[in-house]
2 protein chains.
Amino acid sequence: MIKAYKNPPKNQWESLAKRATNQEQDITATVMQIFNAVKTEGDTALKKYTQKLDGVAITQFKIEEEQLAQARVSSALYKAMKLAATNIERFHSYQKIQRDPIETTPGVNCWLKDVPIEKIGLYIPGGTAPLFSTVLMLGIPARIAGCSEIIVCTPPQSDGQVDPAILVACRLVGVKSLYTVGGAQAIAAMTFGTASIPQVYKILGPGNQYVTRAKELATQFGMAIDMPAGPSELLVIADDASIPKYIAADLLSQAEHGSDSQVVLLSDNEKILIEVNKELALQITSLSRSEIALNALNNSFSVLFSSIAECINWSNYYAPEHLILAVKKADTHALNVINAGSVFLGNYSPESAGDYASGTNHTLPTSGFAKNQSGVNLSSFTKQISFQEIKPDGLNNIGPAIEQMAMAEGLDAHMNAVRIRLKDLANV
Amino acid sequence: MIKAYKNPPKNQWESLAKRATNQEQDITATVMQIFNAVKTEGDTALKKYTQKLDGVAITQFKIEEEQLAQARVSSALYKAMKLAATNIERFHSYQKIQRDPIETTPGVNCWLKDVPIEKIGLYIPGGTAPLFSTVLMLGIPARIAGCSEIIVCTPPQSDGQVDPAILVACRLVGVKSLYTVGGAQAIAAMTFGTASIPQVYKILGPGNQYVTRAKELATQFGMAIDMPAGPSELLVIADDASIPKYIAADLLSQAEHGSDSQVVLLSDNEKILIEVNKELALQITSLSRSEIALNALNNSFSVLFSSIAECINWSNYYAPEHLILAVKKADTHALNVINAGSVFLGNYSPESAGDYASGTNHTLPTSGFAKNQSGVNLSSFTKQISFQEIKPDGLNNIGPAIEQMAMAEGLDAHMNAVRIRLKDLANV
């Protein structure tokens with residue numbers, strides 16, 4: 001089912017690890033036009049674009065408290081969402097950091113403090129696949145971090161409504177400000193603020209190409225965003241201890257995301273590769289999104305390496321969004337993972353678990369960004385501020401060094417700010 | 001000396017907090033040209049631009065180990081650099097995080113791990129003001145984080161050499177790969193890699209407008225950067241316990257950075273504002289960079305508020321790069337600081353201390369970015385990877401919830417990846 005390579009030489013690694021890019025140039029012009037309109041016309045522009053792009057006439061963007069309170073899903077789904085929310089809350093609460101000050105030199109106290117970003121905007125895609133799980137993944141850490149203002153923008157369905165599962169997820173998370181607006185116009189609204197929709201300091205959440213481009217453009221206006229976004233990816237490393245039908249199921253769970261998804265299978269065992277291929281052909285037929293999955297498998301491949309260590313090596317080169325280590329001694333191999341978004345160990349850790357309910361976050365770096373970016377975690381909702389309190393004896397201890405260095409850099413006012421104090425202290 | 005405002009109404013806050021921007025449009029075209037040249041011609045382009053822009057013919061970019069080993073500064077400066085390095089090391093080591101796994105549900109173990117970014121490029125400005133202090137501020141945390149490849153690019157002086165203080169700082173920090181190349185061409189080289197200069201995953205360090213624009217452009221090629229850069233800023237909050245001549249010295253130490261620097265003084269005490277102004281006029285005359293400082297003071301202002309709480313409130317709105325709290329009970333007021341890069345408490349904590357030797361980092365967010373960005377700290381050199389290991393009983397515990405949620409999102413392959421395992425487990 002998927003292309004197969006064997007022990008590719010180093011000079012082929014780059015082309016093998018290259019992600020497909022299909023960036024349409026005309027998107028940028030459209031998104032900039034939307035930004036300009038929203039900046040100057042505010043809500044009027046939002047209404048115009050919602051009518052044009054979603055085919056819906058919205059009179060009020062904000063969802064009433066009553067509507068939020070009344071939304072319902074099946075009790076089985078509600079129970080599932082509660083379980084997921086509990087685990088997400090546990091995993092992100094555990095990431096909290098509390099640091100006492102440190103005395104770097106006697107009389108010189110310094111500390112670093114995590115402070116919540118005040119205003120957070122979450123973008124939740126709607127339409128045919130309402131991603132209520134993303135409300136939990138972004139809303140829960142935002143609340144734990146202590147962000148004082150958390151808003152959600154999500155596009156209307158064709159009937160002008162928002163899927164009840166998204167409303168219920170917002171209620172579970174404690175988000176009260178929910179707006180029925182999507183696309184680049186929603187990103188523009190959170191960037192500039194309108195009469196209806198407040199300006200925020202950071203925007204997080206997935207979206208289509210227009211939303212992604214809009215988030216990139218927003219950074220030019222001082223906005224922070226979660227990360228650059230690309231098609232979803234999974235890399236699985238398997239050995240003779242792995243179970244082919246599980247691996248095939250995991251590869252397909254990634255492949256059904258979109259035709260541009262990529263799955264990669266590495267092994268030191270050719271038999272496994274063959275068996276997984278057989279299972280792929282078998283399992284794909286019963287999927288409702290089999291056509292999408294098939295397209296994705298056409299972008300995908302397997303590689304046979306001489307050892308699992310080599311597989312890990314190549315995986316670090318590729319830097320996958322998701323990495324499954326379906327191998328013996330997975331915990332030992334995990335120590336050698338350098339570049340990946342999220343790692344799943346053993347035969348009973350499917351990627352689906354991290355997508356929904358184990359507690360880890362599912363908003364992760366794609367396209368090789370795992371080399372220099374983190375997935376969303378608690379620190380995505382805070383910034384670090386450094387503090388220092390220097391006592392007179394502390395300034396006596398480090399002041400002369402500051403004077404020397406400032407002089408050497410030719411900055412005498414820097415030197416003087418210390419000298420004027422040291423002089424007074426010498427005369428005490 | 002500086003413009004004075006009294007209790008400005010809320011609707012004037014925005015214009016008062018607005019930073020000056022002087023973005024030259026033609027910079028982008030020049031920088032893109034340099035990027036294209038370096039991408040296609042490599043070292044040849046680097047040599048061409050170094051000749052053209054620095055007026056120096058470079059035959060070898062890499063500085064020989066021997067040259068690095070032989071560089072010398074005065075013993076007083078060396079001692080000062082060692083003291084600073086020790087404090088920077090202490091403050092950044094203290095930021096290390098070690099987290100054990102957490103069991104979010106019985107049988108479901110998750111953990112978040114800080115992993116060093118492998119390849120780091122530091123840009124150190126040279127020329128008239130060689131910023132060797134920045135070598136310490138960026139190189140030391142990169143080393144503590146465990147980054148395996150740390151390189152430094154710095155422009156040549158007119159004689160083709162690099163200032164010995166920069167060489168000594170690199171030696172102190174343990175950086176061995178140092179390249180004599182500056183400007184946008186250095187950023188391009190680290191972005192694409194050339195025969196001489198390795199490609200990196202993240203670039204940190206200050207620079208002129210060309211360097212700044214080049215770093216922004218580099219992000220379009222998958223590069224991570226430290227932060228958007230703008231003119232330096234200091235906001236001081238003073239009350240009747242503060243000492244006017246100290247405050248004037250601090251304001252001037254910021255003002256001497258550049259004509260586009262901005263200093264802001266807030267107080268609940270008009271007398272202090274008047275006295276600081278007198279001191280500014282007195283102290284500025286003796287500075288070697290008095291003209292620059294005077295230009296900066298022309299962009300600057302003071303504001304009288306009715307209370308220190310109001311001053312803090314406005315400071316949070318402005319989000320200064322540096323904030324000095326020269327007030328009584330500074331530690332109590334510090335608890336209310338929400339948006340700032342680095343905070344200095346009391347009368348003996350001049351900004352110069354953080355610039356050089358107290359241990360905190362001097363690479364900080366400007367232009368209001370402190371609302372959503374951190375200054376450089378240990379985590380600037382790492383990314384966080386999440387891991388999970390689910391045992392069979394763990395999958396039994398959370399599997400049904402995953403199935404429910406995947407079904408509700410219309411992703412049956414996600415559901416199937418769990419179901420195929422649960423079925424096997426039920427038959428054990």
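## Close-up views of a predicted two-chain model

**View 1. Salt bridges link chain A and chain B.** The count between the two chains is 4 salt bridges. The model is a predicted one. In one of these contacts, the side chain of A:Arg421 meets that of B:Asp250. The N to O distance in this salt bridge is 2.7 Å. On the side of chain A that touches chain B, the residues divide into 62 nonpolar, 34 polar and 19 charged. Polar contacts between chain A and chain B join 68 residue pairs, with both residues at pLDDT 80 or more.

**View 2. Chain A and chain B bury area between them.** The two chains bury about 10,000 Å². Carbon and sulfur atoms account for 59% of that area. In chain A, the residues that lose the most area to chain B are A:Met405, A:Glu409 and A:Arg421. Together these three make up 8% of what the chain A side buries. Chain A brings 115 residues to the contact, and chain B brings 115 residues.

**View 3. A strand of chain A pairs with a strand of chain B.** Strand 14 of chain A covers residues 382-390. Its partner is strand 13 of chain B, residues 342-345. The two strands run parallel and are joined by 4 bridges. Within this pairing, A:Phe387 has B:Val343 as its bridge partner.

**View 4. An open sheet in chain B.** In chain B, 5 strands form an open sheet with parallel pairing. Their order is 6-5-4-7-8. Strand 6 (177-180) and strand 8 (224-225) of chain B stand at the edges. Each has a single partner strand, so one side of each is left without a neighbour in the sheet. For strand 8 of chain B, a pairing with strand 7 (residues 202-204) runs over 2 bridges in the parallel sense. Here B:Ile203 stands opposite B:Ile225 of strand 8.

**View 5. A:Asn269 in a loop of chain A.** A:Asn269 lies in the loop between strand 10 (262-267) and helix 11 (270-284) of chain A. A polar atom of the A:Asn269 side chain lies 3.2 Å from the backbone nitrogen of A:Ile272. Leaving aside residues up to four places away in sequence, A:Asn269 touches A:Asp240 and A:Leu304.

How values were computed
Residues numbered from 1 in each chain as written. Chains lettered and ligands numbered in written order. Predicted model: local features only at pLDDT ≥ 70, side-chain atom pairs only at ≥ 80, totals over all residues. Heavy atoms only, no water. Polar contact = N/O pair within 3.5 Å; in protein donor to acceptor, adjacent residues only side chain to side chain. Contact = heavy atoms within 4.5 Å. Buried area = accessible area lost by both parts, 1.4 Å probe. Nonpolar A, V, L, I, M, F, W, Y, C, P; charged D, E, K, R; others polar. Pairing = 2+ DSSP bridges.
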